[in-house]
Amino acid sequence: MTNHITHWINGSSWTGKADRKSDVFNPATGLKTGEVDLADIATIDEAVESAAKAFPMWRDTSLTKRSQIVFKFRELLNNKKEELAAIITSEHGKVLSDALGEVTRGQEVVEFACGIPHLLKGGFSEGVSNGVDVYSIRQPVGVVAGITPFNFPAMVPMWFFPVAIAAGNTFILKPSEKDPSAAIWLAKLWKEAGLPDGVFTVLNGDKVAVDRILEHPKVKAISFVGSTPIAKYVYETGTKNGKRVQALGGAKNHMVVLPDADLELTADAAINAGFGSAGERCMAISVVVAVEPVADELIKRIVDRMGKLVTGDGTKNSDMGPLVTKQHRDKVASYVEAGIKAGATAVVDGRNVQADGAKEGFWLGPTLFDNVKINMTIYTDEIFGPVLSVVRVKTYEEALKIVNDHPYGNGTAIFTNDGGAARRFQNEIEVGMVGINVPIPVPVAYYSFGGWKNSLFGDSHAHGTEGVHFYTRGKVITSRWLDPSHGGINLGFPQN
Ligand code: NAD
């Protein structure tokens with residue numbers, strides 16, 4: 001018996017019959033666990049119509065009521081988050097504790113959105129001219145869509161929908177077809193929290209759904225997260241069609257280690273950030289740039305720790321789970337082969353892993369390369385797996401240049417005990433999110449998340465005040481309430 005996963009339209013499960021479906025797997029067992037419906041054009045149009053119909057009612061629902069519903073959603077989520085974490089582990093493969101961490105980080109954005117009355121406050125200037133006041137307001141944009149990746153099936157959607165919905169928009173989520181069940185669980189939770197039908201929609205699908213969303217005239221704004229080629233495509237197509245688009249892309253995050261760094265802390269950080277969630281995080285560290293003479297000592301410590309890591313079923317006591325699909329596991333393994341062929345030193349080769357789980361699981365153990373050169377594909381490409389490369393350099397300047405020359409600019413970190421060096425790094429580095437002795441510097445919900453260069457297309461980052469701006473339009477009102485005797489004709493701009 002496998003699950004049937006369908007769309008969530010107008011407050012309930014879709015009852016139609018899909019022509020196209022996609023298989024969903026449990027990566028730890030390798031078994032097919034479900035089939036997800038892939039939306040056709042008619043279903044997408046039905047979903048957009050339902051979201052468009054709900055918009056005027058939701059926009060005009062009072063701020064008090066809207067924030068109460070978001071608050072209720074937060075309470076329900078907080079009470080039931082283990083349930084959601086288990087769903088994530090069953091379709092994504094990440095270990096349960098990490099899945100719970102993902103939900104918690106998403107919940108923080110919900111908590112931020114509970115403060116929407118404050119976040120939407122405008123400005124007011126009394127008496128800018130005789131009897132004239134000016135004030136600004138922010139209004140929702142309408143039907144907005146989120147198109148999200150497989151690697152955070154709950155957190156990434158929650159970067160967007162709490163803020164969008166709290167601000168008065170109606171939201172269509174198009175989750176990854178690889179792990180779609182979390183989105184449906186979240187839709188049911190919204191219903192339980194009292195969100196009116198049509199305000200939150202889940203449309204399952206692939207390129208067909210994305211393309212229709214990109215061209216649908218009633219969709220006003222799109223938040224996309226995924227690989228860089230698709231992010232660029234979504235940004236270019238969506239903006240050409242007159243939509244607001246923020247499209248977050250791929251990453252290659254460097255960790256620069258200076259010779260004065262605390263090597264115990266640094267080795268722990270490299271392990272956690274390199275192999276957590278099997279490297280399937282957009283903020284994972286995939287390159288250590290070791291400023292000599294630090295490399296030998298650091299690698300020794302990293303290898304010691306790697307020997308203790310358990311790769312296995314995420315529902316058991318493992319440190320690292322499987323990769324999301326067999327195809328993705330094979331692709332990452334092919335990079336390991338390419339690294340060896342290119343002449344890098346495979347200090348630990350994860351292809352030999354003895355996983356604590358079913359033989360058919362999509363396993364690949366943590367892999368460490370030394371002597372990686374910047375022309376090798378293991379350096380240039382986003383691998384999105386548990387493969388950590390060490391690039392040795394002689395100076396800080398050389399390290400800085402390497403990071404700045406890379407086309408991705410999502411996250412980076414520096415490990416050092418020198419405050420002056422860290423301060424210089426934060427100033428000179430061309431990356432959107434920077435950690436100082438922090439390997440995964442994901443901003444908290446009230447700041448905004450986003451990279452530079454090929455890691456983000458558009459100018460708005462996710463959540464925080466930039467998220468509020470993205471989902472609202474500003475309006476400035478100039479009002480005059482005068483005694484009738486103050487009228488009179490004047491064709492010029494007022495002078496006082
Ligand atoms: P992906 O690009 O394959 O898919 C992302 C979304 O796009 C999915 O909903 C998918 O259905 C859709 N899609 C896939 N192919 C498409 C096509 N040809 N046309 C239109 N839509 C298409 O990404 P993924 O493999 O699900 O996720 C991993 C990627 O996401 C990595 O590159 C990772 O770095 C990136 N990511 C980035 C961030 C960030 O904040 N910058 C966060 C998480 C993940």
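## Helix 7

Helix 7 (residues 207–215) has Ala209, Val210, Arg212, Ile213 and Leu214 as its buried residues, where buried means under 20% relative accessible area with a 1.4 Å probe, protein chains only. Helices (H or I, at least four residues) and strands (E, at least two) are DSSP runs numbered from the N terminus.

These buried residues pack against helix 1 (41–59), helix 8 (228–240), strand 8 (143–147), strand 9 (170–174) and strand 11 (219–225), with contact taken as heavy atoms within 4.5 Å.

## Basis of the values

The model is predicted: local features need pLDDT of at least 70, side-chain atom pairs count only at pLDDT 80 or more, and totals for chains, interfaces and linings use all residues. Residues are numbered from 1 along each chain as its sequence is written, and side-chain values use heavy atoms, leaving out hydrogens and water.

## Largest cavity

A cavity is a set of points on a 1 Å grid over the protein atoms alone where a 1.4 Å probe fits but cannot get out; lining residues have an atom within 4 Å of a point. Grid points are joined across faces, edges and corners, and a volume is the space filled by probe spheres set on the points. The count is four cavities of 30 Å³ or more.

The largest cavity holds about 100 Å³ of space. It is lined by 15 residues, of which Ala251, Gly279, Ser286, Glu382 and Phe384 are the closest to its centre.

## Second largest cavity

The second largest cavity holds about 60 Å³. Its lining includes Trp8, Gly11, Trp190, Lys191, Asp197 and Phe200. Helix 6 (residues 181–193) gives the largest share of this lining, three residues.

Note on methods. Buried < 20%, exposed > 50% of the residue type's maximum accessible area, 1.4 Å probe, protein only. 1 Å grid on protein atoms, 1.4 Å probe; cavity = no way out; pocket = protein on both sides within 12 Å on 5 of 7 lines; lining within 4 Å.
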